[in-house]
Amino acid sequence: MTMSRLKSFPGGLHPNDSKLATAGLPIEDCPLPPELIVPFSQHIGAPAESCVHVGQTVLKGEVIGTAKGFVSVPVHAPTSGEVIAVEPRPHQSGRLLPAVVIRPNGRETWAPGLCCAVPQELTPVELRERIWQAGLVGLGGATFPVHVKLSPPDDMPIDTLIINGVECEPFLTADHRLMLEAPQRILAGIRILRRILRVQRVYVGIEANKPDAIALLTPLFAKHGIEVVPLAVKYPQGAEKQLILACTGREVPTGGLPMVTGCVVQNVATTAAIADAILDGRPLIERICTVAGPGIATPKNLRIRVGTPLQHLVEVCGGLTCEPERILMGGPMMGAAQLSLAAPATRGTSGLLIFGPGQLPVRPEGPCIRCARCVGACPSRLLPTTISAYSRLDRYDDAEKYGAMDCIECGCCSYACPAGIPLVQGLRQAKGAILEKRRRG
Amino acid sequence: MLAAIICLGLIGLASAITLGFAARRFAVEVDPREQAILDVLPGVNCGACGFAGCSGFAREIAESSDITTSCPPGGATVMEKVANIMGLAPIVSDPQVAVVLCQGDNDHAKAKYRYLGINDCRAAQKLADGPKLCPGGCIGLGTCARICPFNAIEMTPAGLAVINRARCTGCGKCVASCPRRTIRLTPLDASIHVLCNSSDKGGVVRKYCSIGCIGCLICHKTTPEAYVVENNLARVVYDHHLEALPAVSKCPTHCIRDFATGYPQGSALAPATVPLHSGKAA
Amino acid sequence: MADLLLILVSAIFVNNFVLSRFLGICPFLGVSKKVETALGMGMAVTFVMTVATVVTWYIQTFVLVPYGLEYLQTIAFILVIAALVQLVEMVVQKTSPALYQSLGIFLPLITTNCAVLGLAVLNIQKDYSFLEGVIFAIGAAGGFTLAMVLFAGLRERLELSPVPKPFRGTAIALITAGLLSLAFMGFAGLVKG
């Protein structure tokens, strides 16, 4: 399996993997914190609406927030306990947003009425309905509601399912451990997805830096006609458009949805969660999260409950080694910097990374020297320096002409820039302004 | 000699005939008033009127005969001339200037996080609602100063935007550019303002800013007609701005400023550039 | 045939009217902020140059020379050029109001554009035949358009660059024009003479 034979995509970078600290650590269960803060906004789409009140006792898996509209999912209690508050609390966006605060009673009593099912006895429509009810969202970090992705319009026929086991972000090893420890759940999830989408062809993309996962899953999945595709180690191989290109050779057209190529992509963790939801009737209340970084004493892969405050995760991992300068939720390329450890982990928290003073270099911004490193690194084949320059001059029409809306905000350009120009921020500004203009008509 | 005259004369005649035909064939209707209006406009092309530059404004006025939209940089003098050209009665309105309702620079207000990004207030505002603990205060990265077509906004060394009242024409571009709506348009002759934009309760404000309004109501109690306090924030009632002077010295956090005495701390603008207070104390 | 090709190549590259002869600098700097306007101006100038060459050649050969009125050359040529520019103005205003707006004052200024008069006079000086004259005009206009469009492209990129404050605007444009001129000097020696 030489590097030159592995499938890949144009552009991209090779940041240091940094996965050695946790790649060999089995998943540990994270003990319950004294308080769980469950926000109503944990997914793309409208936040859920509260259906509980202070003082109420809730059971594990009970619905505490109802979905609002089609692109929305319900929110569930991660454990049984008492609702001690329904109020704005620190959120990963840096704002104070409405959340349900639950004090666990330790009994872990499941809510009644969660029914197991046999997928073969349910229609695709019924399966989608249950997935929606279980609050399933993309666990790769995007948190896009799964039932929406599984409802392609009639004019976009789907013929390929791609399972994303790439995990290209440095430091994160959650998906890797899941593939090693729960391959049967992933397989069950794939079979359910096959039934819903009515597809035969299934690829599982895994980066070549996880040879043990590839070796384990290839024979297991081959028996079911599922092909494991080893991919060249390059960031951002795990991005949807790049994954589709590498596995199938199909390119998503500019301004188009990935569905147009006839492919649906789901993360491995999401796939396993689908199996939990359909086979055991369990809603999405926990996930695997990698807690790592030089600021953490004992890095671990934890199975965490949704709503666990970041402070608790740090304590479970042996505490801090220094005063944190950067707290990242997610990976170091696309993760969101946090104001403090008070915010809770949610359905989309694939990782918590702590960096101390001087451990993440801060470069002062200099002028663009036209080196074109960003152009070479961009996986969407854009000109980040030009679009960002137009954006900072408020010339959003020109930014749009140069393809700003095709940017996937992967961070390759900012990483590659030797002048330290915040290119992704400029691109994001442009995208926001263009969308605002389209909305105003 | 004669040959020269005939030669040039013939060339001239030929050209004239050709152009005469062309003029008829390619005739374009042009309103002479449009050109006249364009001549009296300042020609800055700032877009404050809402149209594409001065020529766009001129065309719009000539076509619609509607002079309710004014040209802020040109002011009353220009609009009067425009009205005369169109044969309409001029509309009289008070001149306005923009004011930054904040004095919370880095020496007075606390930060929420260390911002390492594009030097643009709108970009910084997108990250956790801005790098200041105060939700309404001036972020101080200078977006308004760069957008001002008249170079009327100064950024103090401690990161506060201050508007030069002598240079401001009230065009309103800074107002639109501020992501926190800290800048407002106010009447030019009103020189007293409450320079705070935070609706948080007094105790909360004190934690993050030493010069913000705490909603203590002292100004309102001193002169009820001149000050109104809503949502923990005081503001001057500009119809009664002449009676607002006594409360300025009574404010415990000194957030009320009389621009007649000078600009906020840190500003290099000399008070002499400020139009004199009309002198009528309450 | 080879001579005509030589004249064409020479007029476009080797002795470019703007970058080697330094004629027509006014619209070169004034209209080159955007590529679309530069192209529009180039087409207007092409039309004026070509028709002006034809008309002035006829006037020179059949009116001025036979009657010994060579001293009227400048006035007669300017008369013709002015009339042509006026014609072009009317046509552009009617057919493309947007281009008319963006060209602004520079459209009537083609009259005083030394490149147009220079072309007409050079034609006579070099003693070109009618066909040679027309080819020379097309080459000159083509070179003019090429220089303007190239320069407009460069200026569009310059807008995105962090130019030091003292150099912003016309200063950096002139420096760039000089560098572009230097670049075109590379064509010297392509054609002998």
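Analyst: Glu35(A) forms a salt bridge with Arg89(A), the closest N and O atoms being 3.8 Å apart; a salt bridge here is a side-chain nitrogen of Lys or Arg within 4 Å of a carboxyl oxygen of Asp or Glu. This is a predicted model, in which local features need pLDDT of at least 70, side-chain atom pairs count only at pLDDT 80 or more, and totals for chains, interfaces and linings use all residues. Residues are numbered from 1 along each chain as its sequence is written, chains are lettered from A and ligands numbered from 1 in the order in which they are written, and side-chain values use heavy atoms, with hydrogens and water left out.

User: How many residues apart in sequence are the parts that Glu35(A) and Arg89(A) tie together?

Analyst: Helices (H or I, at least four residues) and strands (E, at least two) are DSSP runs, numbered from the N terminus. Glu35(A) sits in the loop between β1 (28–29) and β2 (36–39) of chain A, while Arg89(A) belongs to strand β7 (residues 81–90) of chain A, so the parts tied together are apart in sequence by 54 residues.

User: Is Arg89(A) buried or exposed?

Analyst: Buried means under 20% relative accessible area, exposed over 50%, and partly exposed in between (1.4 Å probe, protein chains only). Arg89(A) has a relative accessible area of 18%, so Arg89(A) is buried.

User: In which helix is the salt-bridge partner of Glu409(A)?

Analyst: The side chains of Glu409(A) and Lys431(A) meet in a salt bridge at 3.0 Å, N to O. Glu409(A) lies in the loop between α12 (396–401) and α13 (412–416) of chain A, and Lys431(A) is in helix α14 (residues 423–440) of chain A.

User: What is the relative accessibility of Lys431(A)?

Analyst: Glu409(A) is buried, with a relative accessible area of 18%. Lys431(A) also counts as buried, its relative accessibility being 13%.

User: Which residue of chain B meets Arg95(A) in a salt bridge?

Analyst: Across the interface of chain B and chain A the rule finds two salt bridges. In one of them the N to O distance is 3.0 Å, and the side chain that meets Arg95(A) is that of Asp129(B).

User: How much of the area buried between chain C and chain B is on carbon and sulfur atoms?

Analyst: Buried area is the accessible area (1.4 Å probe) that two parts lose on being put together, summed over both. Chain C and chain B bury about 1,400 Å² between them, and the share on carbon and sulfur atoms is 82%. In chain C, Leu79(C), Met90(C) and Lys94(C) lose the most area to chain B, together 32% of what that side buries.

User: How many salt bridges does the rule find across the interface of chain C and chain B?

Analyst: The contact (heavy atoms within 4.5 Å) takes 18 residues from chain C and 15 residues from chain B. Across this interface the number of salt bridges found by the rule is zero.
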